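The structure is shown first.

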Amino acid sequence: MQSLQKIKSRFIPLRIENVDTDQIIPARFLKATTKEGFGKNLFRDWRYENDDETKPKADFVLNQKQFSGEILVAAKNFGCGSSREHAAWSIQDYGFKVVVSSFFADIFKNNALNNGVLPVTVSDAFLQAIFAEGADATLSIDLEKQIITIDSTGASESFEINAYKKTCMLNGYDDIDYLLSMKEEIEQFELNHNK
Amino acid sequence: MGKTIFDKIWDKHVVKIIEGGPSVLYIDKHLIHEVTSPQAFSGIEKRGAKLFRPKQIVATADHNVPTINQHLPISDQLSKFQVDTLIENCKKHGVELYGLGHPNQGIVHVIGPELGITQPGMTIVCGDSHTSTHGAFGSIAFGIGTSEVEMVFASQCVMQTKPKVMRINIEGSLQNGVVSKDIILYIIAKISASGATGYFVEYAGSAIRALSMEARMTICNMSIEMGARGGIIAPDETTYAYMKGRPFAPQGENWNKKLTDWKELYSDADAKFDFEININASDIDPMITYGTNPGMGLSVTGKVPTMDSISDPTEKQNFEKALAYMGLEAGQSLLGMPVQNVFIGSCTNSRIEDFRLVANIIKGKQKNPSVKTLIVPGSQAVAKQIKAEGLDKVFTEAGIEIRQAGCSACLGMNEDKIPAGEYCISTSNRNFEGRQGAGARTMLVSPLTAAAALLTGKITDIRTMLN
Ligand code: SF4
């Protein structure tokens, strides 16, 4: 997993609520057996007319050239629905390092963190303030300090992340490394548990 | 202070609490399928690790399989490769697999309970959000992502932050024509598609106690559709009667010993919940969804909300987007609208009881000629039972073909898809844009309401067809 400490970037505003993982990556792309290459199908059915890459939908934000950046900003309840981690893989593969929303679905949040994508939960008001910015605006996120800032106005807000996940993210190591190191403790636990 | 059933089970499974972080939670049973496991297998191999407890894993192929001609090789090459990868991985790592053609094969959330793998007091995970289904037996069951599948492979544990616990009490009796699917659609419409995020939900009350195991599973299944991590129902005599004698259920002396443990699994009278909701069962009508998330539901006799009922501008925009996708007008009623497709299946409603309900309605009648059907049992065992009870004849005489077991049109991944622009009255659990195929318009209902549409070709209030 890649580590992440600080990031300053323009952002892509996705003003849609309840974005479910079926929209992030439609089921027909789940036939893969590796984690790579999902980015090109991110939001596939919102991005293209009739599944045709030569016909991008002009009204979808990923197709609007003025917007770019490593931060995706979405309206509330992002990542609901299916538990497919492919959603996090496609967001990461597309090049996003951070997703900002006023509310994340639980499983998506976990999946994102497990893949080096930082979910940043902000207040509704702060989210609206971000959406009010123009295409050239940038956001700064400092994971160590747990602060997100709208650079043009200096408005900032602190965000929550549990201490353990934060350390993982800052250092780029993951839960599996940790669990593998706990093998003996787990075996000990089993002795009692399986009685 | 008393404990909730959730706390009792959770606390028994905590190996360790990481300071400032999640708990390391021990997992009793891990179910896997072809779609969310390959990257976890390759991940574990890359680390040079082995599966820690392969005997606690059961695999099946369900999402990406055809529902006709299952004896033939899968024709879609990508699908075939994914299913073959599962076969190979299970062989290599010593995991029990119920693949295509195996009598135990079926949708993972149908076969777990059916085989007696799902038991009270357990922790159960699967790389699929509807793992919440298994909570109907009084277990803590929840969906996980592929990284977490890899964690369980590596250590038989996952890292989890303890969720809050909500109790939903449903008291009283249901109207004739209203079944458990309507209860859960009603709850989600009431609290919204994100209303239980951060919570585990216990369902309680006399209306829940009166339900069969199949009906309880339908409710727990859709817990995830309101954002909950999972749902749980305390086990009781109904649970034990269902489980007794199933292949993987404890036998003999061991059964009695387990039974004693299971009888401790209930929320103490003085247990505290982080949130409670009370619902009157008789308030619930047959339900249907009109929008593109399961929270957008209403009584089958109701009207689509109007714009003035929404104040938030983003919400307005989303509401308009959903209606445009669904081809509906604000304020319109749905009754009598023609439907082109009926899907009866998915881990929500593909158990024997669901087929009995439907057969009971269509018996001696013909399906409406304008309706295309996908009627798909959840498992090989359900398919067999349908035959044993002679229900297949009822369906054939009505002009309906019964498919072979699988997820089918629930997710638009295999060959069973709903054409763009057409309506599908569906007993599945998700009405997201494109869920049943690009452009497909899904309306979630109970098996009874689906049966009514089968006969009339229209959205129909099942209550008008009962006496
Ligand atoms: S039936 Fe549908 S919801 Fe259930 S496991 Fe299969 S795809 Fe998922």
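Two residues are said to be in contact when they have heavy atoms within 4.5 Å of each other. The model described here is predicted. B:Ile187 belongs to the largest nonpolar core, which has 96 residues; B:Ile187, B:Ile32 and B:Phe153 are among the members that touch the most others. Helix α6 (residues 180-191) of chain B supplies the largest share of this core, seven residues. Another core, of 84 residues, lies apart from it and includes A:Ile25, B:Ile288, B:Leu328 and B:Leu334.

The discussion now turns to the contact between the chains. Chain A contributes 56 residues to the contact and chain B contributes 68 residues. Together the two chains bury about 4,900 Å², with 56% of this area on carbon and sulfur atoms. Within chain A, the residues that lose the most area to chain B are A:Lys31, A:Thr33 and A:Ile176, which together account for 14% of what that side buries.

On the side of chain A that touches chain B, α8(A) gives the most, with seven residues. The residues of that side comprise 19 nonpolar, 17 polar and 20 charged. Seven salt bridges join chain A and chain B. One salt bridge pairs B:Glu315 with A:Lys76, whose closest N and O atoms are 3.2 Å apart.

Side chains of opposite charge can pair when their charged atoms come close. Over all chains, the structure holds 38 salt bridges. In one of these, B:Arg47 meets B:Glu150 at 2.8 Å, N to O. B:Arg47 lies in the loop between α2 (38-46) and β4 (57-60) of chain B, while B:Glu150 lies in helix α5 (residues 146-155) of chain B, so this pair ties together parts that are 103 residues apart in sequence. B:Arg47 counts as partly exposed because its relative accessibility is 31%, whereas B:Glu150, at 3%, counts as buried.

A further salt bridge links B:Asp461 and B:Arg463, with the closest N and O atoms 3.0 Å apart. B:Asp461 is buried at 9% relative accessibility, and B:Arg463 is partly exposed at 23%. Elsewhere, salt bridges that share partners join A:Arg28, A:Arg44, A:Asp45, A:Asp51 and A:Glu53 into one network.

How values were computed: Residues are numbered from 1 along each chain as its sequence is written. Chains are lettered from A and ligands numbered from 1 in the order in which they are written. This is a predicted model: local features need pLDDT of at least 70, side-chain atom pairs count only at pLDDT 80 or more; totals for chains, interfaces and linings use all residues. Side-chain values use heavy atoms; hydrogens and water are left out. Buried area is the accessible area (1.4 Å probe) that two parts lose on being put together, summed over both. A salt bridge is a side-chain nitrogen of Lys or Arg within 4 Å of a carboxyl oxygen of Asp or Glu. Helices (H or I, at least four residues) and strands (E, at least two) are DSSP runs, numbered from the N terminus. Ala, Val, Leu, Ile, Met, Phe, Trp, Tyr, Cys and Pro count as nonpolar, Asp, Glu, Lys and Arg as charged, and the others, Gly among them, as polar. A nonpolar core is a set of buried Ala, Val, Leu, Ile, Met, Phe, Trp, Tyr and Cys residues joined through side-chain atoms within 4.5 Å. Buried means under 20% relative accessible area, exposed over 50%, partly exposed in between (1.4 Å probe, protein chains only).
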